[in-house]
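Trainee: Please walk me through this model and show me how to read its features, one at a time.

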Amino acid sequence: MATTKKVTAEDVKKAAETAKKAASEAVAEAKTAVNEAKTTVSAETKKAAEETRKVAEKVKTTAKKATETVAAETKKATAKRSAAKKPAAKKTEVVRAAVVQFAGDEYKVDEVIANAEAAFKAENKRKAIKDIKVYIKPEDHAAYYVVNNEYAGKIDL
């Protein structure tokens with residue numbers, strides 16, 4: 001048979017102290033484990049936050065490039081549509097005329113030069129005109145010409 005031992009108050013006190021000490025150690029270990037978990041979670045959170053920031057930066061850069069590309073393509077398309085709508089600009093020739101006015105008379109410079117060329121050709125059928133200078137003297141009602149720095153002549157206006 002089993003023997004029974006009488007439990008004294010002192011035994012209960014010792015058991016309570018032992019339990020209290022074990023509980024205190026368990027709490028300390030739990031606090032250490034919680035702190036380690038907090039540190040691990042904090043480090044993992046920081047790492048995840050950094051990765052998120054990097055991904056967000058890449059997304060931002062990609063979005064900016066895409067926006068710029070779309071804007072450029074839109075501008076090109078708009079320019080093409082505008083060019084297609086506009087009729088081609090007609091090139092107009094500039095009309096140039098020089099007129100000498102003197103004492104109520106007018107002499108068109110182009111006509112005077114043409115008359116000087118015609119007068120030279122009438123006298124020199126085989127000679128080519130490479131250079132012609134015409135000097136208009138309205139007071140004499142005449143024009144003097146020099147062709148190829150060799151031949152000189154006079155025409156009446």
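Trainee: How many aromatic pairs does the structure hold?

Mentor: Rings of Phe, Tyr and Trp (its six-membered ring) pair if their centres lie within 6.5 Å; planes under 30 degrees apart count as stacked, over 60 as edge-to-face and the rest as tilted. The structure holds one such pair. Phe120 and Tyr151 form it, at 5.5 Å centre to centre and with 55° between the planes, and it is tilted. The pair links distant parts of the chain, 31 residues apart: Phe120 belongs to helix α2 (residues 109–123) and Tyr151 to strand β5 (residues 151–156). Helices (H or I, at least four residues) and strands (E, at least two) are DSSP runs, numbered from the N terminus.

This is a predicted model, in which local features need pLDDT of at least 70 and side-chain atom pairs count only at pLDDT 80 or more, while totals for chains, interfaces and linings use all residues. Residues are numbered from 1 along each chain as its sequence is written, and side-chain values use heavy atoms, with hydrogens and water left out.

Trainee: Is Phe120 buried or exposed?

Mentor: Buried means under 20% relative accessible area, exposed over 50%, and partly exposed in between (1.4 Å probe, protein chains only). Phe120 counts as buried because its relative accessibility is 1%.

Trainee: Which residues make up the largest nonpolar core?

Mentor: A nonpolar core is a set of buried Ala, Val, Leu, Ile, Met, Phe, Trp, Tyr and Cys residues joined through side-chain atoms within 4.5 Å. In soluble globular proteins, nonpolar side chains tend to be buried together. Here the largest core has nine residues: Tyr107, Val112, Ala116, Ala119, Phe120, Ala143, Tyr145, Val147 and Ile155.

Trainee: What does Ala116 touch?

Mentor: Contact means heavy atoms within 4.5 Å. Leaving aside residues up to four places away in sequence, Ala116 touches Ile132, Val134, Tyr145 and Ile155.

Trainee: How many bridges join strand β3 to strand β4?

Mentor: Two strands pair if DSSP finds at least two bridges between them. Strands β3 (residues 132–137) and β4 (residues 142–147) run antiparallel and are joined by six bridges. Val134 stands opposite Tyr145 in β4. The two strands form a hairpin with four residues between them, and His141 in the turn has a positive phi of about 50°.

Trainee: How many salt bridges does a search of the whole structure find?

Mentor: A salt bridge is a side-chain nitrogen of Lys or Arg within 4 Å of a carboxyl oxygen of Asp or Glu. The search finds four. Among them, Arg53 meets Glu50 at 2.6 Å, N to O; both lie in helix α1, three residues apart, about one turn of the helix. Another joins Glu73 and Lys76 at 3.9 Å, also three residues apart in α1. Asp131 forms one with Lys133, with the closest N and O atoms 3.8 Å apart.

Trainee: Where is Thr62 placed?

Mentor: Thr62 lies in helix α1 (residues 9–85). Its relative accessible area is 51%, so Thr62 is exposed. The C-alpha atoms of Thr62 and Thr18 are separated by 65 Å, with the two residues 44 apart along the chain.
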